[in-house]
Structure formats: structure tokens, C-alpha cells
Amino acid sequence: NFTDIQKAVTLKDVKFGYNAEKEILHGISLNVDKGQMVALVGPTGSGKTTVMNLLNRFYDVTEGQVLFDGVDVRDISLTNLREQVGIVLQESVLFSGTIRQNIKFGKPDATDLDMIAAAKQANIHEFIMSLENGYDTHVSDENSVFSTGQKQLMSIARTILTNPRLLILDEATSNVDTVTEAKIQKAMDNVIQGRTSFVIAHRLKTILNADKIVVLKDGNILEEGTHTQL
Ligand code: ATP
């Protein structure tokens, strides 16, 4: 189907439930062009995270299809898919190890130069350089307890380094001071730039910047369009 092939991401009448008793998504359809940023909004429990779970195949649809470049995600190997989809979660996980190992996690053979470029784009390089041991700082060191925002920025750096075709991002809402929030916003702009992205958006600015706003309610798309259209 030609129209599918043109789209970076297509959801075709997607139905899904975590178990047979309760359907959570009731037939969602969506077309996203290459490079577009989609803001997913909606009340708690509306299905935002569930849509993300289907995009990165933590789960498979019950009915319908999820297509990347016209290819059903079930026909893409998980290894391949993991390389193509980058995820930045609200509470970013750092592993026991150095900052260098953490940023290079998805691409261990990356050079330090590439790592630093990614950290700069993620707005976290200066902070890392301000630490006594820089990129060799152990994340589990008692004197290197990072804030939620700093962890999210490192996670963004990690994602930038893997250069994913599709980006899934859950904006941090809590425990972020205004300076860090501005840094996250800038880092997000950098990582989203030119990349097909789905963002669970909590900030108004992100919603205003979206190419497409998708409003979910009770597992259905209530509205879809640009900020000016809605
Ligand atoms: P929030 O804004 O609170 O994160 P959300 O829009 O992301 O909410 P989802 O997390 O997608 O909503 O949840 C949609 C529905 O699916 C809810 O009714 C929730 O209880 C249910 N749900 C989510 N995860 C699971 C799971 N692992 N097993 C069973 N039900 C689940």
C-alpha cells in the first residue's frame, strides 16, 4: 500500500489489552510523517504509555497493525527494532558504572569524541566536566548523586549517541528545577530535531512545538491536529 510506505509510522485500527478481560486501546489509527514530532496528551490512564509500549514492542497489538516505513513491526527483528527506536523515560535509569559507560551503553564502541558531541547536544557536557573525575565518575559514588533532570540529560545523551530513527520520550515532570528544566527543553529540541518522535508531553511548550497533537481519552483518539487546529 503506497500511502503506508510514505509514512514513517502508521497505526492502523490498533486494538490492545494487557489481558483478554480488558481492552485498553479501542481502535487507534494514526499517520506520522518522517521527522514529525507527535505530542501524546490525555488524562492519566488514557493509554499514552500503552501506545509507547506498542511502538517499541514491549507488547504486540491484539488487532490492527503498527507499521514503520510501511513494514509491520512484527516483521522487524527485536534486535533491529531496538537499534531503531530510542527511548528516554521520565525516571531515567543509570547503571552501576562510570558516566562514560552509561552514555556509551547502547553503542559501546563509540569514540570519546562522539560521546562528548552527544553530551554537548544533550546539554550535560559542562556538568560532567565540572565533576572531579569527569566522564570517569562512578554513578554510584556517594558524592555523585544526580538529580532526576541530570539523569534524564545523560539518558538523552545516550539516546543521541545511538542515533535512532524513531524516538520515544516521556518528559520528566517532577523534581526538576527551572535551570535544569530549560536544559532539558533544549536537549529535547536537539534530540527531536529531524527525527520522528513521540513525546508524552507534560509541558505546554512541547505541545505548542508539536507537528501533531494527539489527544487520548479512555483508549480512543479524541482529537488530532496542530495546536492552531485544536
Ligand atoms: P499516565 O498519564 O498515568 O501515565 P497513561 O495515559 O500513560 O497514564 P497507560 O499507562 O497507558 O495510561 O494505561 C492505560 C490503561 O492500561 C490503564 O487503565 C492502566 O490501568 C492499564 N495498564 C497499564 N499498564 C498495564 C499493565 N502492565 N497491565 C495491565 N493493565 C495495565
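**View 1. Helix 7 passes helix 8 in a left-handed crossing.** A crossing is called left-handed when the near helix is turned anticlockwise from the far one by less than a right angle, and right-handed if clockwise. This is a predicted model, in which local features need pLDDT of at least 70, side-chain atom pairs count only at pLDDT 80 or more, and totals for chains, interfaces and linings use all residues. Residues are numbered from 1 along each chain as its sequence is written. The axes of helix 7 (residues 148-162) and helix 8 (residues 178-192) come within 10 Å and cross at roughly 15 degrees, which makes helix 7 roughly parallel to helix 8 (angles under 35 degrees). Axes are lines fitted to C-alpha atoms over the stretch in contact, with angles from 0 to 180 degrees between N-to-C directions.

**View 2. Here are the residues where helix 7 meets helix 8.** By class, the contact has six nonpolar, four polar and two charged residues.

**View 3. Strand 9 and strand 10 form a hairpin.** Strand 9 (residues 212-217) pairs with strand 10 (residues 220-225) in the antiparallel sense over five bridges (pairing takes at least two DSSP bridges). Lys 217 stands opposite Asn 220 of strand 10. Two residues lie between the strands, and Asp 218 takes a positive phi near 50 degrees.

Notes:
Helices (H or I, at least four residues) and strands (E, at least two) are DSSP runs, numbered from the N terminus. Angles under 35 degrees count as roughly parallel, over 145 as roughly antiparallel, 65 to 115 as roughly perpendicular and the rest as oblique. Two residues are in contact if their C-beta atoms, placed from the backbone, lie within 7 Å. Ala, Val, Leu, Ile, Met, Phe, Trp, Tyr, Cys and Pro count as nonpolar, Asp, Glu, Lys and Arg as charged, and the others, Gly among them, as polar.
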